[in-house]
Structure formats: C-alpha cells, structure tokens
Amino acid sequence: MQVLIVEDEEALTTLLRYNLEAEGFLVDSAARGDDAELLLAERIPDLVLLDWMLPGLSGIELCRRIRARRETERLPVIMLTARGEEGDRIRGLGTGADDYIVKPFSVPELLARIRALLRRAKPAHSSDRLAAGDLELDRTGHRVRRGGEELHLGPTEFRLLEFLMLAPGRVFSREQLLDGVWGHDVYIDERTVDVHVGRLRKALNGPRQADPIRTVRGSGYAFDETFSLEA
C-alpha cells in the first residue's frame with residue numbers, strides 16, 4: 001500500500017515515513033503542493049496525508065484538484081493541520097478530505113485512522129483471499145489455485161500476482177512494479193519485471209486457459225479480472 005506524504009516540515013515527514021514504513025507501507029513525499037500534484041499525475045497512491053499550509057499550492061487547493069480529477073476523485077485524503085477551530089475542520093472536510101487530524105497528534109492514532117480509512121476505501125486490501133474467475137489467491141497461506149488445482153509459484157511471482165490482483169484493471173509500469181513488489185531500496189534492471197511476468201504466466205496458464213495478465217504495449221502490465229475461463 002502506497003502513502004503520499006505532502007508536508008513541508010522535514011522532521012514530521014521523517015517521523016511519519018519511519019512509522020509508516022515500519023507498518024509495511026511504501027512511502028513517497030513532497031514538501032510543496034505543486035510538487036505533490038506532479039507526483040499524483042505520475043502515480044496514484046492508495047492514500048494521501050496532506051498538510052493544510054504548503055508552499056507553492058495550498059493543501060486545500062490541492063485537495064480540491066484531487067477531487068476534481070476523475071482518476072483521483074475517490075482517493076482517500078487525510079488532512080494534517082495546526083488549525084483546530086470548528087470552522088477550519090468544516091472547511092477542510094467540505095473541500096473533500098476524508099478525515100482531519102490536528103497537530104500535534106498521536107502517531108498511533110493517525111496509523112489507526114489510516115488503517116480504518118483504507119479498510120473502507122479498499123476492502124480487498126484487508127481481505128485474506130483474492131479471487132477472479134477461476135483464480136484464487138490465499139494471502140495468509142501463500143497459496144494460489146486455478147480451477148481448484150494448486151499452482152506452484154515462487155515467492156516473487158506470488159507477490160507480483162498479489163500486487164496486480166489488488167488493483168484489477170490498473171496498468172502498472174515496470175518502475176511501479178519494481179517499487180511495489182521489490183521495494184524502493186532494491187536496484188535492479190526494469191527488464192527483471194518481464195522475466196518474472198513470464199514465469200508467472202507459465203505457472204498460471206495451462207492449455208486453453210486465458211491469460212489474466214494483460215500486457216499494455218509501451219505502458220506495462222495489468223491484471224484483467226474479466227479474463228474468460230477458456231481461451
């Protein structure tokens with residue numbers, strides 16, 4: 001799960017990044033509202049932590065733009081601000097923020113609010129089982145079945161399939177897949193993704209079975225939840 005922190009206080013950004021990564025989140029950050037808007041145009045996270053007062057473009061205006069854009073109109077947003085007056089909270093929520101937390105705040109409380117909001121916005125992410133067509137993925141047991149028969153996937157192929165199934169239909173670039181499956185701190189060639197997609201397809205697809213992994217030329221790969229049971 002990817003979280004974008006938009007905050008101009010470097011110490012707070014470092015604190016949030018440390019705690020979010022400790023909880024298993026992938027984290028990007030921006031110190032300016034206009035820089036955050038550019039990041040959102042390149043990659044849509046699962047949730048945004050958004051400071052109200054930002055250089056370049058205010059958090060309120062960025063939130064308005066997030067809600068105005070079709071691709072991000074349902075993107076979960078938590079507003080972080082020192083403004084604790086009732087009128088400010090109403091304005092922040094009225095602009096489109098899903099939640100509003102006043103500085104200074106408890107990090108455990110913020111993490112709990114993040115998890116609660118993601119459970120509501122993305123229930124598949126909190127489910128132990130993902131399914132599409134005749135394909136089932138057990139996230140707890142690390143098992144994959146197709147048509148009732150267990151498939152044998154390597155750990156990387158399992159994580160790759162899980163990552164794609166969590167966002168059916170969404171096209172991920174090789175760079176995004178590297179970040180999401182291998183992590184930010186791993187430096188490997190983007191073509192490694194192609195090798196593992198090939199291995200995943202070989203493990204998933206038997207005779208006359210449709211391929212659930214869709215290649216989008218020039219863009220990347222997506223999980224096609226509408227794949228048919230027979231080719």
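Tutor: Quick rule: angles under 35 degrees are roughly parallel, over 145 roughly antiparallel, 65 to 115 roughly perpendicular, and the rest oblique. This model is predicted: local features need pLDDT of at least 70 and side-chain atom pairs 80 or more, while totals for chains, interfaces and linings use all residues. Numbering starts from 1 along each chain as its sequence is written, and side-chain values use heavy atoms, without hydrogens and water.

Student: How are helix 1 and helix 5 oriented to each other?

Tutor: Helix 1 (residues 10–22) packs on helix 5 (residues 107–121) with axes 11 Å apart, at about 55° (lines fitted to C-alpha atoms over the stretch in contact; N-to-C angles, 0 to 180 degrees). Leu15, Leu16, Asn19 and Leu20 of helix 1 touch Val107, Leu110, Leu111 and Ile114 of helix 5 (heavy atoms within 4.5 Å). The two helices are therefore oblique.

Student: Which strands stand at the edges of the open sheet?

Tutor: The sheet has 4 antiparallel strands in the order 6-7-8-9 (DSSP runs of at least two E residues; helices need at least four, H or I). From one strand to the next, the twist averages 25°.

Student: What stands opposite Leu135?

Tutor: Strand 7 (residues 135–138) pairs antiparallel with strand 8 (residues 143–146) over 4 bridges (pairing takes at least two). In strand 8, the residue facing Leu135 is Arg146.

Student: At what angle does helix 6 run to strand 7?

Tutor: Helix 6 covers residues 155–165 and lies across strand 6, strand 7 and strand 8. Its angle to strand 7 is about 110°.
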